[in-house]
Amino acid sequence: MASAAVPAEGRAGRGVVPVVPVVPALREVLPDGGLRRGTAVSVAGGDTGLLLALAAGVKETEGGWAAAVGLPDLGLAAAEGYGLDLRRLLVADDPGPHWAEVVSVLAGAVELVMLRPDGPVPPKLATRLAAVLRRSGCVLLVAGPWPGAALRLGVRSGRWFGLGDGYGQLAGRQVEVVAEGRGSAVRGRTARLWLPDEHGAVRPLLDGPALERPVPERPGAVEQPLERVAVV
């Protein structure tokens with residue numbers, strides 16, 4: 001699997017860190033400027049928008065393939081809006097208790113796997129899958145907690161725009177994204193973003209015109225159910 005590479009932070013003269021690229025708006029919040037190959041990344045609260053935004057840069061890799069496992073409510077239009085190539089997206093809607101086996105197989109075939117496990121993940125299982133990731137160089141993006149995750153990201157605050165006086169459409173969401181983890185990420189990094197903006201993409205909060213009519217943040221995704229692209 002081909003990937004981008006960035007200088008190893010704080011380790012001058014010791015080579016580069018292979019990463020799966022991310023969209024420009026998210027580069028500064030990640031300690032390596034991308035998703036480090038062969039690691040698991042936890043998205044706190046399973047925020048669908050952040051999950052898709054993190055995965056969108058996979059199209060810049062040589063293979064460009066991604067997979068979604070255990071995410072039957074993922075939005076097809078939203079995934080495409082954030083930049084995912086639907087022609088290179090494999091989907092296993094409901095793997096049930098066999099999700100770990102599905103992830104192990106897919107890790108050798110795609111650059112990035114998005115996952116929502118069907119329950120708490122035992123540390124021993126996470127350790128076994130970590131070895132699979134290291135061998136394959138695949139990135140695992142987990143919607144929720146993951147034992148031993150190299151990086152944890154989440155939406156600390158947010159509000160939707162576009163509704164007012166009982167009418168209108170949701171047009172965008174302002175959020176503060178925070179990233180923390182081990183090593184160079186331990187101190188935490190933050191970024192204020194549109195996630196998504198009025199076009200369904202992610203961009204820094206200060207870019208572009210402001211939207212009117214803020215409405216309170218609400219739980220759950222607003223995307224329509226994902227149409228099945230492929231089943232593994």
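Val-22 touches Arg-27, Leu-30, Gly-33, Gly-34, Leu-35, Leu-54 and Gly-57, not counting residues up to four places away in sequence, where contact means heavy atoms within 4.5 Å. Val-22 is found in the loop between β2 (16-20) and α1 (24-27); helices (H or I, at least four residues) and strands (E, at least two) are DSSP runs, numbered from the N terminus. At 3% relative accessibility, Val-22 counts as buried, a word that stands for under 20% relative accessible area, with exposed over 50% and partly exposed in between (1.4 Å probe, protein chains only). Glu-60 is 38 residues away from Val-22 in sequence, and the two are 8.5 Å apart in space, C-alpha to C-alpha.

The model is predicted, and local features need pLDDT of at least 70, side-chain atom pairs count only at pLDDT 80 or more, and totals for chains, interfaces and linings use all residues. Residues are numbered from 1 along each chain as its sequence is written, and side-chain values use heavy atoms, with hydrogens and water left out.

**The chain as a whole**

The chain has 232 residues, of which 51% count as buried, and its secondary structure comes to five helices and 13 strands. Among contacts between residues at least 6 apart in sequence, 66% join residues at least 24 apart. The accessible surface comes to about 11,300 Å², of which 53% belongs to carbon and sulfur atoms; such areas come from the Shrake-Rupley method with a 1.4 Å probe, and for residues only the protein chains shown count as cover.

**Cores and helix α2**

A nonpolar core is a set of buried Ala, Val, Leu, Ile, Met, Phe, Trp, Tyr and Cys residues joined through side-chain atoms within 4.5 Å. The largest one holds 44 residues, and those that touch the most other members are Leu-26, Leu-35, Leu-54, Leu-112, Met-114, Leu-141 and Leu-153. Helix α2 (residues 48-55) gives the most to this core, with six residues. A second, separate core of 25 residues includes Val-113, Ala-126, Leu-133 and Leu-140.

Helix α2 is mostly covered, since eight of its eight residues are buried, among them Leu-50, Leu-51, Leu-52 and Leu-54. At the start of this helix, a side-chain oxygen of Asp-47 reaches to within 3.2 Å of the backbone nitrogen of Gly-49. Leu-153, leaving aside its neighbours within four places in sequence, is in contact with residues including Leu-50, Leu-54, Val-41, Val-43, Val-177 and Val-178.

**Strands β5 and β6**

Strand β5 (residues 66-69) and β6 pair in the parallel sense over four bridges; two strands pair if DSSP finds at least two bridges between them. Within this pairing, Ala-67 has Leu-90 as its bridge partner in β6, and Val-69 has Ala-92. Both faces of β5 are covered, with Ala-66 and Ala-68 on one side and Ala-67 and Val-69 on the other, all buried. Both faces of β6 (residues 89-92) are covered as well, with Leu-89 and Val-91 on one side and Leu-90 and Ala-92 on the other, all buried.

**An aromatic pair**

The structure holds one aromatic pair. Trp-99 and Trp-146 form this pair, which is edge-to-face, at 6.1 Å centre to centre and with 70° between the planes. Rings of Phe, Tyr and Trp (its six-membered ring) pair if their centres lie within 6.5 Å, and planes under 30 degrees apart count as stacked, over 60 as edge-to-face and the rest as tilted. Trp-99 lies in helix α4 (residues 99-107) and Trp-146 in the loop between β8 (139-143) and β9 (151-164), so the pair ties together parts that are 47 residues apart in sequence.

**Some buried residues**

| Residue | Relative accessible area |
|---|---|
| Trp-99 | 5% |
| Trp-146 | 8% |
| Asp-32 | 9% |
| Phe-161 | 4% |

Asp-32 has its place in the loop between α1 and β3 (35-36), and a polar contact of 2.8 Å joins the side chains of Asp-32 and Arg-36. A polar contact is a pair of N or O atoms within 3.5 Å; within protein, one must be able to donate a hydrogen and the other to accept it, and residues adjacent in sequence count only if both atoms are side-chain atoms. Phe-161 lies in strand β9, and Phe-161 and Arg-173, twelve residues apart in sequence, are 6.0 Å apart in space, C-alpha to C-alpha.

**A cis peptide bond**

The peptide bond from Leu-195 to Pro-196 is cis, with omega near 0°, and Pro-196 has its place in the loop between β11 (189-194) and β12 (203-204).
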